[in-house]
Amino acid sequence: MSAVVLELNDICKTYPGVVGETEDSLGRKAVLANVNLSLQEGEIYGFVGLNGAGKTTCIKIALGLTNQDKGEVRIFGQPVNSTNIKKIGFSPEKPGFYDFLKGEEVLDFSVRLLGFPVNSEAKKKVLEKTGLWGDRRKMVSAYSKGMQQRLALAAAMLHNPEVYILDEPGSGLDPLGRRNIKEIILDLKRAGKTIFFSTHILADISEICDRIGIIHEGRMVFEGGIQEFNPRGIEPEKRFVEIIEAEMSKSSAILS
Ligand code: ADP
């Protein structure tokens, strides 16, 4: 059995509530309720859920970018610390870059921020892999959304981490751009890396993932292999909707 590289154990999270939302007695809205999730070494894990289901919040907690109210995150079996967090490469859903930097300067900046020296060879490799080598001297302000997404992926890869957490890496990309991202993810897996990515694109999940996790209204409602997710081999999107609708009817039965 392969090692667990990342675990979320019983994670609960609330945010300050907004008028009109269901809140607890302290006026806080529950966003994650006892989330358990585990990422195995060498796998591609697809994390799926409707908008607002809690995917980004889970990712932020896994990376220590926001605190959970309860529960524990472990990276390679240890609580998150300044050393093991560097084993993870992260690309956010909406990458934000300083407009006054060129593409390659963004990479220099991000690798230095992690405390690593700039390595020209490694930089060339990730720029070529993401198809940005020819655009490396352009200002990021002139990059399209797709190019920015690819630059964020290049930044995540630059220090050659063991594990990748990619928040909607295909969002905003055209079909060719998405194919490019999928190929990069598969390449990373072939190089022995572990990849966790969130997506709305169910077809991508079935195509490249070993396992998937589905989150609905802050609760994990499925975690397992592709066969287990879709035993009848129907359209993956239909299977996802079936699972979500079953959850919705369970919650309306509880309320009625
Ligand atoms: P997803 O990534 O699945 O779309 P998110 O994790 O971004 O979902 O959001 C989950 C829920 O938490 C949503 O209801 C969202 O409005 C709420 N939320 C996220 N961030 C904040 C925040 N900083 N303050 C208050 N509510 C938030």
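Helix α4 lies across β6 and β7 (163-167) and runs at about 170 degrees to β6. Here helices (H or I, at least four residues) and strands (E, at least two) are DSSP runs numbered from the N terminus. Angles run from 0 to 180 degrees between N-to-C directions, with axes fitted to C-alpha atoms, for helices over the stretch in contact.

This is a predicted model, in which local features need pLDDT of at least 70, side-chain atom pairs count only at pLDDT 80 or more, and totals for chains, interfaces and linings use all residues. Residues are numbered from 1 along each chain as its sequence is written, and side-chain values use heavy atoms, leaving out hydrogens and water.

**Exercise 1.** Find the order of the strands in the open sheet of six strands.

*Solution.* 
- Follow the order β6-β7-β8-β3-β9-β10, with mixed pairing; two strands pair if DSSP finds at least two bridges between them.
- Then look for the edges: β6 and β10 (219-225) each pair on one side only.
- The twist averages 15 degrees from one strand to the next.

**Exercise 2.** Work out how strand β3 is joined to strand β9.

*Solution.* 
- Strands of a sheet pair through backbone hydrogen bonds, either parallel or antiparallel.
- β3 (residues 44-48) and β9 (residues 211-216) run parallel, joined by four bridges.
- Gly46 stands opposite Ile212 in β9.

**Exercise 3.** Describe the lining of the largest pocket.

*Solution.* 
- A pocket is, on a 1 Å grid over the protein atoms alone, an open set of points where a 1.4 Å probe fits, with protein on both sides within 12 Å along at least five of seven lines; lining residues have an atom within 4 Å of a point.
- There are 21 lining residues, with Phe90, Pro92, Ser110, Leu113 and Ala155 nearest the centre.
- β6 (88-91), α2 (103-113) and α4 (145-157) each give two or more residues, and α2 gives the most, with four.
- By class, the lining has 17 nonpolar, three polar and one charged residues. Ala, Val, Leu, Ile, Met, Phe, Trp, Tyr, Cys and Pro count as nonpolar, Asp, Glu, Lys and Arg as charged, and the others, Gly among them, as polar.

Definitions and conventions. Contact = heavy atoms within 4.5 Å.
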